[in-house]
Amino acid sequence: MAAKRKNTDATASATRLEALRKTPTGIKGLDALTLGGLPTGRPTLLCGAAGCGKTLFAMTFLINGSTEFGEPGVLMSFEERARDLETNVASLGYDVADLVQRKQLVIDHVYIERAEIEESGEYDLEGLFVRLGHAIDSIGAKRVVLDTIEALFSGLDDSAILRAELRRLFAWLKDKGVTAIITGERGDGQLTRYGIEEYVSDCVILLDNRVEEQVTTRRLRVVKYRGSSHGTNEYPFLIDEHGISVLPITSAELGHSVSQEAVPTGVSDLDDMLGIHGFFRGSSILVSGLAGTGKSTFASSFVNAACGRGERCLYFAFEESPDQIVRNMTSVGMNLSQHVERGLLEFQAARPSLYGFEMHLARMNRDIEEFAPQVIVVDPISAFRGPSFEIHSTLVRLADICKSKGITALFTSLSTSGEQMTESERSVSSLMDTWISLKDMEANGERNRVLYLLKSRGMNHSKQLREYQLTNHGIHMVDAYVGPDGVLTGTARIAQEAREREASLSRKQATERRRREVARKRTAVERQIAELRASLETEETEVETLIEQEETRELSIGSERSEMASIRGLRS
Amino acid sequence: MSEKNRNHEILEKVSDEPVADGFDLRLYVAGQTPKSLAAISNLKKLCETHLAGRYTIEVIDLLVTPQLAAGDQIVALPTLVRRLPEPLKRVIGDLSNTERVLVGLDIRSKTGSRT
């Protein structure tokens, strides 16, 4: 009994292992979100509308298979001729002709011209099987692509036969043990035009190419994947000169390790305002402010300092060209071109409207992967226009990517007006670990710049509003005057400081005066006291004299009286 | 496609020299399936009836020479290919519908124009 259960357990685990076998596509990101690749030995349906990149996807699968994984492949193309395919992927740097020559790849173009075919009686698609079988066996192919097999439906009349034969074909492919991609054109209300998803049900990947507000974004979704978990979201993907890359971004991850290390800001006065004398490494920093408050200058200072320490920096510029930034920064005493020359600094400039958010993110992710920077700058995030949730999700994921890689990311954001947060600012505020707010103070016919630290997670920081100046040797802070009327800056501050000095002087003088007055009063009073005391003493002496005289008089009266009595007695 | 590699039987050959308006036909099959056999016998019958004396038929078994499938763009089986006269024509199926084979091989219209 126990043995039997053990046995069934073993078979169960064996089948599970079997089910989990996957064939990597070599397409960055896709393997991550399918947890390893396409199901080995099974057909996968790749569907999407025209121009989604189905063929390119399939080609990449084959080419990567032969160049990276040692698995030769067969492409059976029902639409494009071999030569056209070669030309098409040559733009991605793939040398298909060479692969064909080295027997790593077979391209078979199946061409059906309805006009020259007459149907008479029963037939089957054994010819296709023979061709495919021959192609697979001739190079020992492990991967097969049938590029838009549904083209058969337009070439042949009897769709009942076709359907039966397709079902047989997919079963046959499974028997052959080849990992296949079958592409299909998107149909109305179903995944493919002729509903072949009915027959290919192990793994279905949907490609999509949407235009929103004149911006195109390619997206990919794994609709189903039998026997495996997979990422279920829509993921953006890129096709450019680097090939295809899918961006599997999971914003749910918050498990990245954090660093205690401080990264200097590049502005020593700003370092002093932060409790740890810099930003935490791997944190996200937002520098927000109005136009002309020096956001890019702060960003460049940070980059300049980082490159000076030998760190690698990636600068995503969405408003200025790299040359312009380099030129402008020389005016504040920064030579960024030396870092570019040393290969420590790389600019990636693109208009925000060039792609959708997802595309930008995908591109940035790829650039980050390739350049492996320690510091990135995105200047500015406010250049992204669109619904706030999209901006938010894009930036969340960008911030997550940076955090998971320990990259310190500095974002700048252009505020529209003094107090109001822009959409992008509001949506990212909670993401940012440190937020430096740059402000303009306009008064007395001049404009001055102040900054304050809105927040800085995990450290004590200065809460003071500080005036700063962009000088020809960098950014410098000035102690701002904070008085009852608010903050004074520039000449107003200087004037106010002068007034302050004057006032304090006069206050000092007044005190002195009062002190002297009191002293004078004291002497006056003391003198008075002395006088009084003197007069009192005089009085006392007078009184005593009088008392003495009185006593003397009393005595004399007494003696006189006794004298008179004796006289009277004697006479009587 | 060298002659040596060809593994096929030439069912009938009227002349070694191609006739001026001769039909060079090739029938692709895969093994001795009922469909294959039906196609072969249907084709023979049809040629004898309509093209007597001016046709050649090659039967190619793709199970033996699968490499020939791609060259002639074979997808469905059985496939009858008219290599000559130009242009290339194909008829797929077991050729049980004679009418459609004749149309497919442009024989019907030809005979029609003659009469």
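Where does B:P78 lie? Point 5 gives the place.

1. **Ground rules.** This is a predicted model, in which local features need pLDDT of at least 70, side-chain atom pairs count only at pLDDT 80 or more, and totals for chains, interfaces and linings use all residues. Residues are numbered from 1 along each chain as its sequence is written, chains are lettered from A and ligands numbered from 1 in the order in which they are written, and side-chain values use heavy atoms, with hydrogens and water left out.

2. **Confidence.** pLDDT is the predictor's confidence in each residue, from 0 to 100. Chain A has a mean pLDDT of 84, with 90% of its residues at 70 or more. Residues 1-14 of chain A fall below 50, and this stretch has zero contacts (heavy atoms within 4.5 Å) beyond near neighbours in sequence. Chain B averages 78, and 75% of its residues score at least 70. In chain B, pLDDT stays under 50 over residues 1-18, yet the model has 28 contacts for them beyond four places in sequence. Residues 110-115 of chain B also stay under 50, with four such contacts. Where pLDDT is low, the predicted coordinates should not be read in detail.

3. **The interface.** Chain B puts 28 residues into the contact and chain A puts in 24. About 2100 Å² is buried between them, and carbon and sulfur atoms give 56% of that. Buried area is the accessible area (1.4 Å probe) that two parts lose on being put together, summed over both. The rule finds 17 residue pairs in polar contact across the interface, both residues at pLDDT 80 or more. A polar contact is a pair of N or O atoms within 3.5 Å; within protein, one must be able to donate a hydrogen and the other to accept it, and residues adjacent in sequence count only if both atoms are side-chain atoms. On the side of chain B that touches chain A, α2 (68-71), β5 (89-92) and α3 (98-104) each supply at least two residues. Helices (H or I, at least four residues) and strands (E, at least two) are DSSP runs, numbered from the N terminus.

4. **Specific links.** Two salt bridges cross the interface (a side-chain nitrogen of Lys or Arg within 4 Å of a carboxyl oxygen of Asp or Glu). One of them joins A:D124 and B:K35, at 3.4 Å, N to O. Strands meet as well. β6 (residues 117-119) of chain A runs parallel to β5(B), joined by three bridges; strands pair if DSSP finds at least two bridges between them. A:E119 stands opposite B:I92 in β5(B).

5. **Backbone points to check.** B:P78 sits in the loop between α2 and β4 (79-84) of chain B. The peptide bond from B:L77 to B:P78 is cis, with omega near -5 degrees. The bond from B:L84 to B:P85 is cis, with omega near -5 degrees. B:P85 is in the loop between β4 and β5 of chain B. In chain A, A:L35 is not a glycine but has a positive phi of about 55 degrees. A:L35 is placed in the loop between α2 (30-33) and β2 (38-39).
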